[in-house]
Amino acid sequence: MLVRDMNYRREHRASRTSLFDGLDGLEEGRLRASSSYSHDITERDNDEALENLQDRVSFLKRVTGDIHEEVESHNRLLDKVGNKMDSARGIMSGTINRFKLVFEKKSNRRSCKLIAYFVLLFLIMYYLIRLLNFIKG
């Protein structure tokens with residue numbers, strides 16, 4: 001096991017030395033080969049990073065599209081609710097105005113009181129008749 005580790009270290013050092021040998025030499029061929037190899041690696045890394053970035057951008061585009069659709073649907077819903085509230089407010093203000101007209105005039109107030117007395121008298125008579133029928137029956 002120890003021998004294998006030592007062999008691995010020697011091979012690793014040898015490959016490392018041969019890899020960096022071209023940097024110390026003055027021959028252009030070695031420098032070009034070494035720089036083109038690193039250039040290929042960086043190009044590949046850049047391409048992978050660009051693809052990754054494109055995937056993220058397309059994902060963000062889909063997410064923002066979904067958010068936009070959701071916001072549009074909520075705006076439509078809020079507009080509908082606002083329109084219904086406005087119509088309800090109009091109906092309520094019309095009803096309140098009619099009540100004001102009825103109670104502003106004294107004759108109308110008297111007639112409302114008279115109608116209320118008749119309704120009250122009717123209810124009293126109805127319950128008295130029911131009570132008498134209950135007692136008899």
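Helices (H or I, at least four residues) and strands (E, at least two) are taken as DSSP runs, numbered from the N terminus. The model is predicted: local features need pLDDT of at least 70, side-chain atom pairs count only at pLDDT 80 or more, and totals for chains, interfaces and linings use all residues. Residues are numbered from 1 along each chain as its sequence is written, and side-chain values use heavy atoms, with hydrogens and water left out.

The chain contains three helices and zero strands. From the N terminus, its elements follow the order α-α-α. Confidence is expressed as pLDDT, the predictor's per-residue score from 0 to 100. The chain has a mean pLDDT of 77, with 69% of residues at 70 or more. A contact means heavy atoms within 4.5 Å. Residues 1-6 stay under 50 and have zero contacts beyond four places in sequence.

Of the 137 residues, 1% count as buried. The chain exposes about 13400 Å², of which carbon and sulfur atoms supply 62%. Accessible areas come from the Shrake-Rupley method with a 1.4 Å probe; for residues, only the protein chains shown count as cover.

A salt bridge requires a side-chain nitrogen of Lys or Arg within 4 Å of a carboxyl oxygen of Asp or Glu. One was found in the whole structure. It joins D86 and R89, whose closest N and O atoms are 3.1 Å apart. The two residues are about one helical turn apart, because they lie three residues from each other in helix 2 (residues 28-104). D86 is partly exposed, at 43% relative accessibility. R89 is exposed, at 54%.

UniProt lists residues 114-135 as "transmembrane region" in an unreviewed entry. Such annotations may be inferred rather than shown by experiment; positions follow the numbering used here, and feature names are shortened. In the model this segment is 100% helix and 0% strand, with its end C-alpha atoms 32 Å apart.

L120, I124, L128, L131, L132, F134 and I135 make a nonpolar surface patch of about 770 Å². Patch residues have over 30% relative accessible area and no salt bridge; like charges are joined within 9 Å, and nonpolar side chains (Val, Leu, Ile, Met, Phe, Trp, Tyr) within 5 Å. I135 lies in helix 3 and is exposed, at 63% relative accessibility.

Notes:
Buried means under 20% relative accessible area, exposed over 50%, partly exposed in between (1.4 Å probe, protein chains only).
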